[in-house]
Amino acid sequence: MQGNVFRKVERDFSVKRQHAQSDARTFKKNVYDENPELAEIENKINTIALKSAKSRIFSDNLSREVEQEKLEIELAKLNRDYNDKLKELGLTKKDFEPKYECEKCNDTGFIDNKMCSCFNQELINEAFKQSNLSKIKEENFETFDFGYYSTCSNKEKYGIEKSPLENIDGIRKLAYNFSHNLDDTQQKNLLFTGSTGLGKTFLANCIACEAIKQGKSVIYQTAPILLDKMVDYKFRFNKTDSEREEYDKIFDVDLLIIDDLGTEAMNSAKFSELFNILNTRLLKNKKILISTNLTPQEIKREYEERIFSRFVGDFLVCRFVGEDIRLLKKKIVSK
Ligand SMILES: Nc1ncnc2c1ncn2[C@@H]1O[C@H](COP(=O)(O)OP(=O)(O)OP(=O)(O)O)[C@@H](O)[C@H]1O
Ligand SMILES: [Mg+2]
Ligand SMILES: [Zn+2]
């Protein structure tokens, strides 16, 4: 989990707590403004409590006991009056307490130094937000539909012996294992190739969702945006802390998903950024998933030997085959 995710959630919790407390103060003040007798009783209660504390410290034994008894009777009466008055208004003392979202930890996020489940859940939610994945709720292993992949093999058409269904079944298993083995040094990175609409981005989302559920940090970005941003950052003169953090994250997150490689207009600055990302992350054993419409041969040609020949052994190539699911979906809708 990223440090900035943790800090953000910590800040959010602190704000949430302060809001609950200030809402409670405001509510009490409004009730007291409308019912000044409540404030009067409370003042009296406070005065007596103070007197009682003083007498406990300063009086001698006998007079202390008498005094304490008297004060306790007074105090009990005042408390009764106070509660009666509240009851008349349809309230109880509890209504003046802050309304925390989580009653277990009072929105502190921790119980006896252990993380509360609400805080943990918020870390996951925040990680989802920061991963730049908006479709993750719809596109995950639970919603994965095999129905779009044909059971008929066609070597001429698809270039492989297996049917699209057998093929995707293998890739899906591999993807699932990948999402659970991000830290494993033996685990290779993934390269999804295949023409448009075959489910590459969908499966990348499945992996991201699963990884985040394991507490891993994920960034998803399309190659054109990612490389533009990085080059832009490199050449910017004044860099803010948050820009620097954003940039560093590209190298540090547990999983970086680069989608649509091959759709950007390349230049030497972008080549060098791409090389830098791959090289740095591989050295740190941080996993990468690349998705592209290009074939491995086209990648070699377009991205020059100097980038991919270095990394070829570090990637498992998953070839997606089948029919364009976007078209299949349209056909189903228009039927
Ligand atoms: N296994 C699946 N189950 C259900 N829907 C799917 C599945 N795979 C893909 N889809 C849907 O099919 C459409 C195309 O899928 P996706 O965007 O993943 O294709 P792609 O291979 O990334 O295409 P491109 O190369 O154009 O980016 C999307 O609407 C997606 O939600
Ligand atoms: Mg895609
Ligand atoms: Zn809690």
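This is a predicted model: local features need pLDDT of at least 70, side-chain atom pairs count only at pLDDT 80 or more; totals for chains, interfaces and linings use all residues.
Student: Which residues coordinate the zinc ion (ligand 3)?
Tutor: Cys102, Cys105, Cys116 and Cys118, each through SG, at 2.3 Å. Donors are N, O and S atoms within 2.8 Å of the metal (3.2 Å for Na, K and Ca); water is not among the atoms, so sites may look incomplete.

Student: What is the geometry of that site?
Tutor: Tetrahedral, with angles of 102 to 114° among the four donor atoms. Four donors count as tetrahedral if all angles lie between 85 and 135 degrees.

Student: How are the donor residues spaced in sequence?
Tutor: The pattern is C-x2-C-x10-C-x1-C. Cysteine 102 and cysteine 116 are 14 residues apart and link distant parts of the chain. Cysteine 102 sits in the loop between helix 3 (61–88) and strand 1 (110–111), and cysteine 116 in the loop between strand 2 (114–115) and helix 4 (117–130). Helices (H or I, at least four residues) and strands (E, at least two) are DSSP runs, numbered from the N terminus.

Student: Are cysteine 102 and cysteine 116 buried or exposed?
Tutor: Both are buried. Cysteine 102 counts as buried because its relative accessibility is 8%, and cysteine 116 because its value is 1%. Buried means under 20% relative accessible area, exposed over 50%, partly exposed in between (1.4 Å probe, protein chains only).

Student: What about the phi of asparagine 106?
Tutor: Phi there is near 50°, a positive value in a residue other than glycine. Most residues other than glycine have a negative phi. Asparagine 106 is in the loop between helix 3 and strand 1 and is partly exposed, at 38% relative accessibility. Asparagine 285 also has a positive phi, near 55°. That residue is in the loop between helix 10 (268–283) and strand 6 (287–292), and is partly exposed at 25%.

Student: Changing topic. Which residues touch the most other members of the largest nonpolar core?
Tutor: Phe192, Leu203 and Ile207, in a core of 32 residues. Helix 7 (200–213) is among the elements that each supply at least two residues, together with helix 4, helix 6 (164–180), strand 3 (189–193), strand 4 (218–222) and strand 5 (255–261). The largest share, eight residues, comes from helix 7. Apart from this core lies another, of 27 residues, among them Leu227, Tyr247, Leu278 and Ile299. A nonpolar core is a set of buried Ala, Val, Leu, Ile, Met, Phe, Trp, Tyr and Cys residues joined through side-chain atoms within 4.5 Å.

Student: What is isoleucine 207 in contact with, leaving aside neighbours within four places?
Tutor: Phe141, Ala175, Phe178, Ser179, Leu190, Phe192, Leu255 and Leu289. Contact means heavy atoms within 4.5 Å.

Student: And asparagine 205, where is that found?
Tutor: In helix 7. Asparagine 205 counts as buried because its relative accessibility is 3%. Not counting residues up to four places away in sequence, asparagine 205 touches Leu133, Lys135, Ile136 and Glu139.

Student: On to glutamate 243. What does its side chain reach?
Tutor: The backbone nitrogen of threonine 240, at 2.9 Å. A polar contact is a pair of N or O atoms within 3.5 Å; within protein, one must be able to donate a hydrogen and the other to accept it, and residues adjacent in sequence count only if both atoms are side-chain atoms. Glutamate 243 lies in helix 9 (residues 241–252) and is partly exposed at 26%. Leaving aside neighbours within four places in sequence, glutamate 243 is in contact with Tyr233, Arg236 and Asn238.

Student: Last one: which residue caps the N-terminal end of helix 13?
Tutor: Aspartate 324, with a side-chain oxygen 2.8 Å from the backbone nitrogen of arginine 326. Helix 13 (residues 325–334) is hardly covered, with one buried residue among its 10.

Key:
Residues are numbered from 1 along each chain as its sequence is written. Chains are lettered from A and ligands numbered from 1 in the order in which they are written. Side-chain values use heavy atoms; hydrogens and water are left out. Four donors count as tetrahedral if all angles lie between 85 and 135 degrees; four count as square planar and six as octahedral if opposite donors are over 155 degrees apart and all others between 65 and 115; anything else is irregular.
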